[in-house]
Amino acid sequence: MIKIKKLLSTALTGVILTGSLSFFSVQASSKDNIMRDMTTMDIVNDMGMGINLGNTFESCGDWITQWGESKPSSFETAWGSPIVTEQLIQGYKKAGYDSLRIPVAWSNMMANDGQYKIHPDYLARVTEVVDWALDADLYVIINLHWDSGWLEKVPTEYDECIKKYTAIWNQISDAYRDYGDYLIFESQNEELGWSSVWNPWGGTQGKEESFNYANSINQTFVDIVRSSGGNNEKRHLLISGYNTNIGHTCDPLFKMPEDPANRCAVSVHYYDPAGFAILTEDADWGKASPTWGTEEEYAYLNEQMDMLKSTFVDKGIPVIIGEYGCPKENKEEDSVRKFLTAVCEASLSRGGICPVLWDITNLHYDRQTYEMIDKQLQNEYLEIKEKYTAKDIAGDVTADGKFDLADIVMMQKWLLGKGEITNWKAGDINKNDLIDIYDLCLMKRNLINQ
């Protein structure tokens with residue numbers, strides 16, 4: 001992916017010389033603030049395979065400050081992660097991932113005075129890692145994660161919960177208002193659903209009320225971001241499904257929020273069957289399974305993906321599977337690979353669905369050596385990615401599947417500062433990570449020679 005730095009208003013002074021454009025170039029930068037003319041469906045399809053920086057910035061608990069210092073690194077390492085380095089983040093890109101989800105507990109180091117101010121040191125540390133990921137040409141998703149579960153109080157303390165929720169997203173929106181469209185906000189993790197109001201295994205009493213809470217919070221999220229100005233007016237947003245459960249999120253009671261920018265995707269998680277994808281040993285609510293891959297399990301996976309496609313993708317709403325995965329303890333190695341690659345392929349093969357692997361320290365990715373632990377799994381992932389990644393047509397900056405005069409016009413208008421480029425990668429004809437007049441000249445020559 002090629003990301004283009006914002007052009008200064010004076011960059012084109014004197015560019016027109018005897019009917020041509022004088023030379024200038026724009027180089028890749030994570031600080032670019034361009035919002036490309038791409039739909040959210042385009043963005044999700046461009047996000048490829050993703051991975052989570054799990055058990056890191058979402059680590060939380062009173063014991064962390066009671067037993068250590070109240071500083072960002074105390075939380076960052078509390079659940080087993082080493083200090084995140086730029087090399088660690090770059091390793092994700094080298095391993096074949098194009099997207100990074102960064103779960104965050106924003107209440108860490110937050111002022112407890114009812115104003116809910118995020119400590120500037122904590123925000124700065126998260127931002128540093130976000131910038132590293134953008135520098136590595138990764139799409140980045142930041143969210144409000146479980147965060148000690150304070151949203152569980154919504155049914156009994158709605159006003160105060162909304163006050164805190166609003167304060168958090170106002171601060172996040174303000175901090176990142178000028179970032180480009182490689183940064184995506186996610187409304188919540190799995191917490192939009194309340195068993196105290198509706199028990200999914202106990203009938204329908206309270207169901208509509210619980211769904212209404214979820215819908216209301218998601219609408220609040222969109223309203224906050226859209227009213228915060230800057231690039232947030234057009235930022236692509238990820239809307240948390242009901243408990244991120246596929247079946248519940250596809251229920252007619254779940255409503256996507258109204259969005260004037262029409263730039264929303266929906267987030268769900270996939271940990272089915274729980275006996276394989278969650279449990280490492282038997283529990284009172286289920287039996288652990290060491291294997292996965294029966295015809296019935298493949299069929300269930302495809303049914304769930306088809307449900308997402310018909311409910312959302314076919315209606316123009318892309319899907320991000322913000323988490324899918326399984327433990328490796330007490331699991332057959334081949335079954336782990338089969339499960340992970342099956343979910344990945346079932347997502348990418350349908351189009352409009354981006355799979356984001358749940359990973360914690362040294363589960364699938366080694367945070368000391370900065371590479372995937374299971375090389376066979378990595379190779380199988382890369383084969384799937386290659387199979388379902390759309391091939392760029394050189395010069396097709398309009399992203400319409402062909403190279404023609406319209407692409408020349410778009411490129412020339414952009415060089416004159418009078419338009420945008422839809423597909424930056426296709427415009428780098430000479431593959432030097434620059435978009436400049438030389439690329440336009442090559443495009444014109446290629447068109448003549450067609």
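Contact here means heavy atoms within 4.5 Å, and helices (H or I, at least four residues) and strands (E, at least two) are DSSP runs, numbered from the N terminus. This is a predicted model, in which local features need pLDDT of at least 70 and side-chain atom pairs count only at pLDDT 80 or more, while totals for chains, interfaces and linings use all residues. Residues are numbered from 1 along each chain as its sequence is written, and side-chain values use heavy atoms, with hydrogens and water left out.

Taken as a whole, the protein chain has 15 helices and 14 strands. Its C-alpha atoms fill a box of roughly 80 × 55 × 45 Å along the principal axes. Of the 450 residues, 55% are buried; buried means under 20% relative accessible area, exposed over 50%, and partly exposed in between (1.4 Å probe, protein chains only). Among contacts with a separation of 6 or more, 75% are between residues 24 or more positions apart.

The buried residues of helix 12 are Leu377, Gln378, Tyr381, Ile384 and Lys385. They cover an arc of only 125° around the axis, which puts them on the same side of helix 12; the arc is that of the directions from the helix axis to the C-beta atoms. An α-helix has 3.6 residues a turn, so residues three or four places apart point the same way. The cover over the buried residues of helix 12 includes helix 4 (86-94), helix 11 (333-348), and strands 10 (319-324), 11 (353-357) and 13 (371-372). Turned away from that buried side is a face with the exposed residues Glu383, Glu386 and Lys387.

Elsewhere, Ser99 sits in strand 5 (residues 99-102) and is buried, with a relative accessible area of 2%. Beyond its neighbours within four places in sequence, Ser99 touches Met47, Met49, Gly50, Ile51, Leu138 and Tyr139. Ala136 belongs to the loop between helix 5 (120-135) and strand 6 (139-143), and also counts as buried, at 13% relative accessibility. With neighbours within four places left aside, Ala136 is in contact with Gln90 and Lys93.

Asn430, in the loop between helix 14 (424-427) and strand 14 (434-436), is partly exposed at 30% relative accessible area.

A cis peptide bond joins Asp272 and Pro273, with omega about -5°, and Pro273 lies in the loop between strand 9 (264-270) and helix 9 (274-277). Asn55 is not a glycine, yet has a positive phi of about 55°; this residue is buried, with a relative accessible area of 19%. Asn362, likewise not a glycine, has a positive phi near 60°, but is partly exposed at 33%.
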